[in-house]
Amino acid sequence: MKNIKRACAALLAAMLLSSMAYAAEPAVTFDFEKDDAGFTPVFADYPAEDGVDDFYELRHGWAELPMGGGKGLFLSGNNHSDDLFMGYYKELPGLKPGRLYEFHVTFRLATNVDGGMIGVGGSPGASVFVKGGVTTVRPRRTVDELGQYRLNIHKGNQAVGGCDLLVLGNSEKEETVRPGEYEWKAFSFTMLAKADAEGRVYLLLGTDSGFEATSSYYLDGITLAWEEQAERPITRAAAIQRMYDDARPAARQAPSFADVGGDHPCRDAIGWAEGAGLAAGYGSGRFGPEDSLTVEQAMVILHRYAGSPGADNGDADLSHVSPWARDSAAWGLQKGLIGEDDLAGSEPISEYAFVRAWREVQGEACVLFGPSPHR
């Protein structure tokens, strides 16, 4: 059984990682010796009221590093809301419009928070979560229905990541060499993102805090490299396996499909999906594990996993969508998992698009690659 699990994991990893990569671009490094390199500050998760920026003591700027050695980007804020995000973003132009890229990012953060400290609402280091990501959407704050500033991207909340931001660690020093003084902490991550219609993406680095007092830190030595990736469809078996690995269901049952034999590496996952009513196959005892998963099929599976909630398709024309998938397609459109253009015929869904949609439905991070263990 362990060998079967390993084989299926290897199969899925190969599909996710073997997307044809092109030559990596030369790395770009921002050292902030001359200026702020066009990085823009952004704050969120606090009340949208007059004078609140002053009350939260929000500060930012291109500043001298406290330990000497040049300049960096400074951020500081007093977290009265127990939920303050602050960071910097940078537009990265010049990519091919609509193409998928893998980005490799490293940077360092100067923190003065020693390890093992306790504080108001949480630790001043362990409860201040460092996040990073590359997104198609320009980050900006918007006002929600409760009158709170929120980011317009999927960042998750504090210790939980989102579709566009990874949790990379926290602002607690790795080693306290000089108590109370600033020291460097290194971070790195790799993730996939698509360029927008103008060939742009946006790098965003910052912190999501649960510490109810002031946090201050500096960013420096930001380096990026990227390589174009060819989008490939995901098979039905690989998609179900991805969900199975993340959901970690306790129950197991053997699938009834004739084309999913006892030695199939994704047998347990397909059995789970059948038993849970997520995927019934094509009929006549056939599941089609190596067939490409279509957009319609993906929406039906994810809709069922979400409990088949009702949805309003608004002005969308779903007449060309298969009748058995219309409710699920309307739900997917309403949630923003797909666009109307994605429903043109029985088109396969890419592994990138499926995993983002699955992660959003699951309410967890929507990225294919996680943070590096190097922090």
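Mentor: Before we start, contact here means heavy atoms within 4.5 Å. This is a predicted model, in which local features need pLDDT of at least 70, side-chain atom pairs count only at pLDDT 80 or more, and totals for chains, interfaces and linings use all residues. Residues are numbered from 1 along each chain as its sequence is written, and side-chain values use heavy atoms, with hydrogens and water left out.

Trainee: Which residues is I240 in contact with, leaving aside its neighbours within four places in sequence?

Mentor: With that exclusion, I240 contacts A269, I270, W272, A273, F287 and I301. I240 is also one of the residues that touch the most other members of the largest nonpolar core, which has 41 residues, alongside M243, L302 and F354.

Trainee: What makes a set of residues a nonpolar core?

Mentor: The members must be buried Ala, Val, Leu, Ile, Met, Phe, Trp, Tyr or Cys residues joined through side-chain atoms within 4.5 Å, where buried means under 20% relative accessible area (1.4 Å probe, protein chains only). A second, separate core of 39 residues includes V105, F187, F189 and L205.

Trainee: Why are α5 and α6 called roughly perpendicular?

Mentor: The axes of α5 (residues 295–305) and α6 (residues 326–335), being lines fitted to C-alpha atoms over the stretch in contact, with angles from 0 to 180 degrees between N-to-C directions, come within 8 Å and cross at roughly 80°. Angles of 65 to 115 degrees count as roughly perpendicular, and α5 and α6 are therefore described that way. On the α5 side the contact is made by M299, V300, L302 and H303, and on the α6 side by D327, S328, A329, W331 and G332.

Key: Helices (H or I, at least four residues) and strands (E, at least two) are DSSP runs, numbered from the N terminus. Angles under 35 degrees count as roughly parallel, over 145 as roughly antiparallel, 65 to 115 as roughly perpendicular and the rest as oblique. Buried means under 20% relative accessible area, exposed over 50%, partly exposed in between (1.4 Å probe, protein chains only).
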